[in-house]
Amino acid sequence: MTDPRIAAIPDIHGHAKGEHRPFTEERPLAYSARMLFLWFYHACRRLSPRFLMVADHANYLTFEDPGAVATVRRALKLAQAGDLIGAAETAGVDPPHAAIVSEGLRRGMRFAIGAEMDNDPRARPDAQNIVDALRPDGIIRSVHFVPIQHPEKGADWPWPFDSEEFIDLYEAVSTETLWELYTAKLFDDLEKLPTHIAGHFYVPATLGRWPAQRTLEHYEDRLLDICHQRGIAVEINTRFLYRDHPDDRKKKYLDANARLIRKAKARGVGVAIGSDAHSPKDQGNAFDVILGLLDDAHINELVFPVAGRLARVALRATREHLEAQAQAGRQPAVPGSSITGYGRAELGLPEEEPVGAGHREGGRATRESGPKKRAGDSARTSKRPAVTTPPATSTSRRSADSTSSATKAKAARVAKPAAPEKKKPARPPAAPAKAKKPAAKPSRPVAKKAAPARKSVAKKSSSKSAGGKKVAKKASSKKPVRKKPAAKTAAPRRPAKPKRTAAGSAKKSIKKKKTAAKRR
Ligand SMILES: [Zn+2]
Ligand SMILES: [Zn+2]
């Protein structure tokens, strides 16, 4: 990895539940804390991407998911606190895994757990309720089906247009019609359903179907209008770029995304990057290519969902970032490192990208409306958290947490390098002035990290797919019951056994991929 900014590009789209399977074989698959923890573990091993959100499909949701998500969040908190045994027991992983994640968190890795909510007819009707229950950091809204007149099955048949399994239906539906149906559904959903990020806009072109250029650009403009209005960010999805597709198609895909990035920038719409990884090895895949597009468009800040708002991550520290940092009296994170990759909130900057940085006229409005879109509006009311000012007295539990955790993390980082720095004495490594408050109430450290997981578990469960219930049951009964106590008891001995053969045991979690449709 050459350019250090590549690792700082937040990856907001990944599927810990694994690769797509043949259409009729896909069914709900329960998360386990282990699965999620390992998903993040892999990123920690590489220390890239430093910001990672897992977001599985609506049709894979199960009632076990919220519990697993809560459990892994707890495990991540323990890992960040250095309680390797507690983290390992809570997540159901080996201490070496926990050690890697713990180290990653200390070095600035950030995790989020969200969902890719699409219009999959196989998703249970109460899918959104489940998503709300898992308190998603962000929701990616996408469309994978359009209703068509099926030659045999009749009207309103939901066509998975980006699946090669159903490619023959292109004979019955023109490319123009597909895009018309697709955009109508997507725009309608974006306007009405909880959304933080509009997912892979060009997905109908996965199999090479592009509408006329003018039409396409018109759709892009509509998309950005809606996003701007609702404070939604657009995703630049890289899956197409690292999958098996002809070069000329990739070129076309890249050109379209470059244009979308430029337009988003011009309109003040946030840009999010997603690998759409269905395997840990693809986390952050092709981000080097995207960095080129971002540079061309002069974009230095990307969005990353945190607790239902769109935090901003700077790829490179600018004077603005540095000044804000200096003002807050913060020290560089780790000796030799920069603040690259820190969110604006973490730096104590206003969420809004600043002045000259780009024409984001409607920017502020945009950002402010962001929080409104959160998943469970009703449930988690005002999350408008204090991006600007660290959460002194936030009403929202989560926001307070997240901020404080960020602050905390920073404090931790600060603490370390503190030694070498000059102003040590005056201010203990504790926390910077501004951050003091949050740091003081360390109650819940890391709320948002989430991690991924995968292989063994995923595989296991998928192999008994039908027995999803069985797997799920096991997971849920096991975790909650013994976890808590275990963590507690283990806590005291936390400095005990740190790292061992992380890599070795990690190997176990090898993955096997089953490819199927090319769906994202
Ligand atoms: Zn998708
Ligand atoms: Zn996806």
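**Helix 2 against helix 3**

I looked up the packing of helix 2 (residues 33-46) on helix 3 (residues 65-80) in this predicted model. Their axes are 8 Å apart and meet at an angle of about 50°. I took helices (H or I, at least four residues) and strands (E, at least two) as DSSP runs, numbered from the N terminus. Axes are lines fitted to C-alpha atoms, for helices over the stretch in contact, and angles run from 0 to 180 degrees between N-to-C directions. Helix 2 is therefore oblique to helix 3; under 35 degrees counts as roughly parallel, over 145 as roughly antiparallel, 65 to 115 as roughly perpendicular and the rest as oblique. I noted the crossing as right-handed, that is, with the near helix turned clockwise from the far one by less than a right angle, anticlockwise being left-handed.

I then listed the contacts (C-beta atoms, placed from the backbone, within 7 Å). From helix 2 come Ala33, Leu36 and Phe37, and from helix 3 Ala68, Val69, Thr71, Val72 and Ala75. I sorted these residues into seven nonpolar, one polar and no charged. Ala, Val, Leu, Ile, Met, Phe, Trp, Tyr, Cys and Pro count as nonpolar, Asp, Glu, Lys and Arg as charged, and the others, Gly among them, as polar.

**The core**

I checked the largest nonpolar core, which has 100 residues. Such a core is a set of buried Ala, Val, Leu, Ile, Met, Phe, Trp, Tyr and Cys residues joined through C-beta atoms within 7 Å. Leu36, Phe37, Phe40, Ala233, Val234 and Val271 have the most contacts inside it. Helix 2 gives the most to this core, with 10 residues.

I found eight of the eight residues of helix 4 (residues 84-91) buried. Buried here means 20 or more other C-beta atoms within 10 Å of the residue's own, exposed 12 or fewer, and partly exposed in between, with C-beta atoms placed from the backbone. Glu89 and Thr90 are among the buried residues.

Helix 4 packs on helix 5 (residues 95-106) at about 115°, with the axes 8 Å apart. I therefore recorded helix 4 as roughly perpendicular to helix 5. This crossing is right-handed. Leu84, Ile85, Ala87 and Ala88 in helix 4 meet Pro95, His97, Ala98, Ala99 and Ser102 in helix 5. The contact residues divide into seven nonpolar, two polar and no charged.

I looked at Leu84 separately: it is buried, with 29 other C-beta atoms within 10 Å. The C-alpha atoms of Leu84 and Ala99 are 5.9 Å apart, with the two residues 15 apart along the chain.

For reference, most residues other than glycine have a negative phi, and most peptide bonds are trans. I found a cis peptide bond from Ser48 to Pro49, with omega near -10°. Pro49 is in the loop between helix 2 and strand 1 (51-57).

Asp276 has a positive phi of about 55° and lies in the loop between strand 8 (271-274) and helix 11 (287-296). I counted 27 other C-beta atoms within 10 Å of Asp276, so it is buried. His298 also has a positive phi, near 55°, and is in the loop between helix 11 and strand 9 (301-306). His298 counts as exposed, with 10 C-beta neighbours inside 10 Å.

**Bookkeeping**

Residues are numbered from 1 along each chain as its sequence is written, and chains are lettered from A and ligands numbered from 1 in the order in which they are written. Local features need pLDDT of at least 70, side-chain atom pairs count only at pLDDT 80 or more, and totals for chains, interfaces and linings use all residues.

Terms used: Contact = placed C-beta atoms within 7 Å.
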